[in-house]
Amino acid sequence: MAKRSKLTNVVPADSPPGIRAATLGTNGSVVQGTMISQAEAELRRKSGDDVVVVGPNLQANRTLAQAIELNANGYAQRHPPHPSAGLNALPHYQPKFRPPAGHAFYETPNRKAV
Amino acid sequence: MRFFTPELYLKFGSADDALADQADQQWEAATVAYRKHVDTFRDIMPPAVAVFEKMCFHDAQLLAGPQMPDGTLRSRVPSSNTWPAITNVCLSHRDEVWVLTYVIYDDIRQQQAPPDWPNATSQPLWLYDEFDLADRDRNMFVHRILLGDGRLLEIPFLSVIVDHFSIHSAGENGGGQRAKAAAT
């Protein structure tokens with residue numbers, strides 16, 4: 001009998017991004033919560049809560065995070081991960097002016113939500 | 001900024017996906033290089049500076065800095081022109097007021113925003129900062145802070161005291177609960 005290949009959590013690079021509710025963890029980490037729709041994500045961003053776009057494709061993640069922030073707050077400023085926030089910090093979009101608080105984070109090949 | 005330069009920050013925000021992807025990799029490389037650089041002088045940091053170096057003030061609003069409203073730098077140099085002197089930077093960050101009191105050994109320098117800076121009129125928010133070593137034998141450091149309006153502050157310092165208090169409790173209790181985050 002042929003040996004079955006071991007299934008792992010490898011996600012195809014072309015799989016579409018997902019959106020999750022998020023909270024800030026320790027050392028700059030972004031803790032992912034339940035899967036939500038884009039409309040729900042935009043509502044969270046309007047009210048100042050965090051969301052994170054997850055997936056293997058950097059450009060797709062970035063584009064979706066930008067769309068969420070733009071639709072929610074009318075302006076989306078892209079910020080790199082802050083070095084002081086630790087190795088688990090994620091790049092993100094945020095409005096030009098505060099409030100609302102919060103961020104639309106997105107994963108990169110090197111940085112993931114926990 | 002030596003590592004997280006304004007140019008790299010602008011490139012990271014580029015609408016051109018290829019440029020933005022490139023900047024993503026360069027930012028990762030800059031982060032690794034910066035951590036290695038800081039590790040070379042972490043051993044001579046006063047304890048308060050070591051704590052301060054790990055703090056993240058990203059998005060903090062600059063309430064008062066070492067410059068006058070007209071943009072010129074406020075002189076804190078003693079009349080006798082002796083050093084050290086002190087300067088304060090006050091921030092609003094996550095419902096708290098933070099007061100950074102630097103013991104400085106030289107004038108604070110300010111670099112204006114690059115001409116192509118897209119948010120030159122935006123709020124003076126704290127974007128990114130780096131620590132550097134100026135003189136190992138005399139424990140002299142430099143703190144560079146890139147602000148959201150594109151200005152770069154360079155603070156030559158010996159040590160720092162970080163103090164903070166809640167904005168809400170300040171209003172309710174007439175002074176609020178103060179907590180010292182770090183002391184020299």
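**Reading the model, feature by feature**

A: Consider one residue and its surroundings: leaving aside neighbours within four places in sequence, B:Phe4 is in contact with A:Pro83, B:Tyr9, B:Ala30, B:Tyr128, B:Glu130 and B:Leu146. Two residues are in contact if their C-beta atoms, placed from the backbone, lie within 7 Å. This is a predicted model, in which local features need pLDDT of at least 70 and side-chain atom pairs count only at pLDDT 80 or more, while totals for chains, interfaces and linings use all residues. Residues are numbered from 1 along each chain as its sequence is written, and chains are lettered from A and ligands numbered from 1 in the order in which they are written.

Q: Which residues touch the most other members of the largest nonpolar core?

A: In soluble globular proteins, nonpolar side chains tend to be buried together. A nonpolar core is a set of buried Ala, Val, Leu, Ile, Met, Phe, Trp, Tyr and Cys residues joined through C-beta atoms within 7 Å. Buried denotes 20 or more other C-beta atoms within 10 Å of a residue's own, exposed 12 or fewer, and partly exposed in between, with C-beta atoms placed from the backbone. The largest core has 35 residues, and B:Phe4, B:Leu91, B:Trp126, B:Leu146, B:Leu147 and B:Val160 touch the most other members. Among the elements of chain B that give two or more residues to this core are helix H2 (17–39), strand E5 (126–135) and strand E7 (152–166). E7(B) gives the most, with 6 residues. Another core, of 19 residues, lies apart from it and includes A:Ile19 and A:Tyr106. Helices (H or I, at least four residues) and strands (E, at least two) are DSSP runs, numbered from the N terminus.

Q: What span should the 16 residues of helix H2 of chain A have?

A: The expected span of a helix is 1.5 Å times one less than its number of residues. For H2(A), residues 58–73, this gives 22 Å, which agrees with the 22 Å between its end C-alpha atoms. Its buried residues include A:Leu58, A:Leu64, A:Ala65 and A:Ile68. The buried residues of H2(A) pack against helix H1 (38–46), strand E3 (50–54), strand E5 (92–94) and strand E6 (104–106) of chain A, together with H2 of chain B. Just after H2(A), A:Gly74 takes a positive phi of about 80°.

Q: Which residues of H2(B) are buried?

A: B:Ala23, B:Asp24, B:Trp27, B:Ala30 and B:Thr31 are buried in H2(B). The buried residues of this helix pack against H2 of chain A and H1 of chain B.

Q: How many residues does each chain give to the contact between them?

A: Chain A gives 14 residues and chain B gives 20. On the side of chain A, the largest share, 3 residues, comes from H2(A).
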